[in-house]
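Take a moment with the model before reading on.

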Amino acid sequence: MKIGKQFNTLNTSEYIHYIDNYKKYTDFNTLGLYRSICENDKLNLADKIQIRDYANKVFEKTFNFYQLKDPLTYFNLISLGEEMTVADESKVWDDIKKNQEKILTDKKIKHRNFGDYSKHNCGYDDCRYKGLMIRQGSALAEGSMHFNSDKDSFGATNKSKRVKKQRKNISKIINDELDDLIL
Ligand SMILES: [Zn+2]
């Protein structure tokens, strides 16, 4: 069976249905589901949080792995509805970096297998992404994107189209290369 529609067009009960029955759908894509939650204009904040938490009951391990595979999506999801100061956000990014290291160690992923990825190092000591594992060649790896002064860019509200588009591009860039290593 196929879902045959975009996740970002679903309403809450449809999300719940597809999560409950994901094994029946050959085109079910977990990362696609998670990414769509923040992008879905049909959902209000409470819906998004409900769907995220529901999905995490089923896909908790996979979700945790997104800290390495797609840290921006992970960050966007865990910060839904959170009123965070810049210091709070930095703490979250520090935790993500620590967890990236832990995931790599736990999975015994050899560095050669992770060769396309490297640590973000743009030269700014106060950069929130400093040390974040990120795919080489992506915008973050090159240090060309910084949202430090753009407080709302990761929030659930006030997202400009531009930021949305940039985030989509990053999500595309940080693609599913690591799929082979998990699941
Ligand atoms: Zn930086």
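## A buried charged pair

R35 has a relative accessibility of 18%, so it falls under the 20% cut-off and counts as buried. Keep in mind that this is a predicted model. What does R35 pair with? Its partner is D70, and the two form a salt bridge with their closest N and O atoms 2.7 Å apart. D70 is buried too, at 0% relative accessibility.

These two come from distant parts of the chain: R35 sits in helix 2, D70 lies in the loop between helix 3 and helix 4, and 35 residues separate them.

## Helix 2 against helix 4

R35 also turns up in a helix contact, where Y34, R35, I37 and C38 of helix 2 meet T73, N76 and L77 of helix 4. Sorted by class, that contact has four nonpolar residues, two polar ones and one charged.

As for geometry, helix 2 (residues 30-39) and helix 4 (residues 71-78) pack at about 50°, and their axes are 10 Å apart. That angle makes the two helices oblique to each other, and their crossing is left-handed.

## Helix 1 against helix 3

Now for another pair: helix 1 (residues 12-20) packs on helix 3 (residues 45-69) at an angle of about 5°, with 10 Å between the axes. Since angles under 35 degrees count as roughly parallel, that is what helix 1 is to helix 3.

Which residues make the contact? Helix 1 puts in T12, Y15, I16, I19 and D20, while helix 3 brings D47, Q50, I51, Y54, A55, V58 and F59.

## Other salt bridges

The salt bridge count comes to eight. One of them joins E101 and K119, whose closest N and O atoms are 2.7 Å apart.

Definitions and conventions
Residues numbered from 1 in each chain as written. Predicted model: local features only at pLDDT ≥ 70, side-chain atom pairs only at ≥ 80, totals over all residues. Heavy atoms only, no water. Axes fitted to C-alpha atoms, helices over the stretch in contact; angles between N-to-C directions. Helix = DSSP H or I, 4+ residues; strand = E, 2+ residues; numbered from the N terminus. Parallel < 35°, antiparallel > 145°, perpendicular 65-115°, else oblique. Contact = heavy atoms within 4.5 Å. Left-handed = near helix turned anticlockwise from the far one by under 90°. Nonpolar A, V, L, I, M, F, W, Y, C, P; charged D, E, K, R; others polar. Salt bridge = Lys/Arg side-chain N within 4 Å of Asp/Glu carboxyl O. Buried < 20%, exposed > 50% of the residue type's maximum accessible area, 1.4 Å probe, protein only.
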